[in-house]
Amino acid sequence: MTKIAICGALGRMGKTIATLIDEDPALEFVGGVDVGEGTLFGKRVVSSDDIDIFLAEDKPDVLIDFTIAGAAVKNIQAASKAGIAVVVGTTGFSEEQKEENRNNIEGTIPAVISTNFSVGVNIFWKLVREAAKQLSDYDIEVTEAHHHFKKDAPSGTAKTILEIIKEEAGDREEMYGREGMVGERGKEIGVHVIRGGDIVGDHSVMFAGNNEVIELSHRAYDRAVFAHGVIRSAKWIAGKKPGIYTMDDVLGLSG
Ligand SMILES: NC(=O)C1=CN([C@@H]2O[C@H](COP(=O)(O)OP(=O)(O)OC[C@H]3O[C@@H](n4cnc5c(N)ncnc54)[C@H](O)[C@@H]3O)[C@@H](O)[C@H]2O)C=CC1
Ligand SMILES: O=C(O)C1=N[C@H](C(=O)O)C[C@H](O)C1
């Protein structure tokens with residue numbers, strides 16, 4: 001039985017993940033951490049100030065983090081001190097925060113970190129990579145849409161898409177929206193962010209050439225698609241060697 005705790009337990013993703021853990025006979029939900037205290041599936045959710053004592057007392061095998069970037073850095077540090085594996089879905093990290101996470105993880109604990117835990121998105125990224133490689137001279141535009149509560153922009157998934165395109169189609173400037181006399185299009189990647197309603201998560205990449213357009217897109221209809229990937233990762237990471245792993249490792253798609 002793998003014991004799991006969740007940081008951000010009372011949030012949208014936290015509750016979705018806890019529901020799947022509760023239904024899984026191979027997993028035990030031991031409780032969580034959030035800004036305020038509470039309960040979830042009969043287990044305590046403690047204040048983030050008490051994370052060290054919570055980890056020492058409840059001893060999860062895996063700590064899952066879906067919070068905000070600044071909080072996630074501290075939570076990963078706490079897991080590292082306690083020697084607990086982590087699965088991190090939080091997005092919006094700065095380069096400095098990513099470096100801090102690497103320092104806390106490498107050589108100390110195993111971690112799966114992904115900007116998107118949906119299996120579909122992980123395959124979508126591979127399709128984007130192939131298209132960017134083959135159509136490196138086409139004009140490329142990335143669009144993402146999310147619910148109106150989302151704090152970071154562009155989404156972590158869109159940032160991963162931008163990294164992939166730059167790796168395959170050459171380093172290009174990002175152009176966030178366009179307004180006024182913008183002149184002829186340059187060697188850039190247009191980036192467009194939509195926020196509204198309860199959109200779970202849409203991403204699309206357009207490759208526009210002469211007389212043809214190819215568009216690849218992914219739409220999540222339910223947060224359960226992310227949560228299922230998180231559960232798969234939590235089962236996979238328990239007992240692994242220290243280091244940072246990706247969903248490619250979890251899904252056996254590396255190499
Ligand atoms: N990688 C992936 O597949 C996915 C990533 N996300 C990311 O996960 C994060 C959370 O998303 P949602 O659940 O929609 O947000 P949310 O706002 O519903 O939940 C975040 C929770 O974290 C709590 N929190 C804030 N500071 C904390 C701290 N110091 N310690 C513990 N808890 C703290 C908040 O009170 C809240 O309950 C975002 O960064 C989002 O982009 C969301 C969906 C999928
Ligand atoms: O905040 C969200 O909701 C989501 N965040 C992730 C991101 O920033 O890419 C993944 C998903 O799109 C939902």
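Mentor: Two strands are said to pair if DSSP finds at least two bridges between them. Strands (E, at least two residues) and helices (H or I, at least four residues) are DSSP runs, numbered from the N terminus. The model is predicted, and local features need pLDDT of at least 70, side-chain atom pairs count only at pLDDT 80 or more, while totals for chains, interfaces and linings use all residues. Residues are numbered from 1 along each chain as its sequence is written, chains are lettered from A and ligands numbered from 1 in the order in which they are written, and side-chain values use heavy atoms, with hydrogens and water left out.

Let us begin with strand β1, residues 2–7. Of its 6 residues, 5 are buried, a word that stands for under 20% relative accessible area, with exposed over 50% and partly exposed in between (1.4 Å probe, protein chains only). β1 runs parallel to strand β5 (residues 62–65), and 4 bridges join the two; here Ile-6 stands opposite Ile-64. β1 also runs parallel to strand β2 (residues 27–34), through 6 bridges, and Ala-5 has Gly-31 of β2 as its bridge partner. Together with helix α1 (residues 12–23), β1 and β2 make a right-handed β-α-β unit. Right-handed means that, with the strands pointing away from the viewer, the path from the first strand over the helix to the second runs clockwise.

These strands belong to an open sheet of 8 strands with mixed pairing, in the order β3-β4-β2-β1-β5-β6-β7-β13. Its edge strands, β3 (38–40) and β13 (243–245), each pair on one side only. From one strand to the next the twist averages 25°; axes are lines fitted to C-alpha atoms, for helices over the stretch in contact, and angles run from 0 to 180 degrees between N-to-C directions. Between β2 and β4 there are 3 bridges, and the two run parallel; Asp-34 stands opposite Ser-47 in β4. Helix α3 packs on the sheet, where it touches β1, β5 and β6 (85–88), and its direction makes about 175° with that of β5.

Helix α2 (residues 51–58) has Ile-51, Phe-54, Leu-55 and Asp-58 buried. They lie on the same side of α2, because they cover an arc of only 95° around the axis, taken from the directions from the helix axis to the C-beta atoms. Their cover includes β1, β2, β4 (43–47), β5 and α3 (69–82), where contact means heavy atoms within 4.5 Å.
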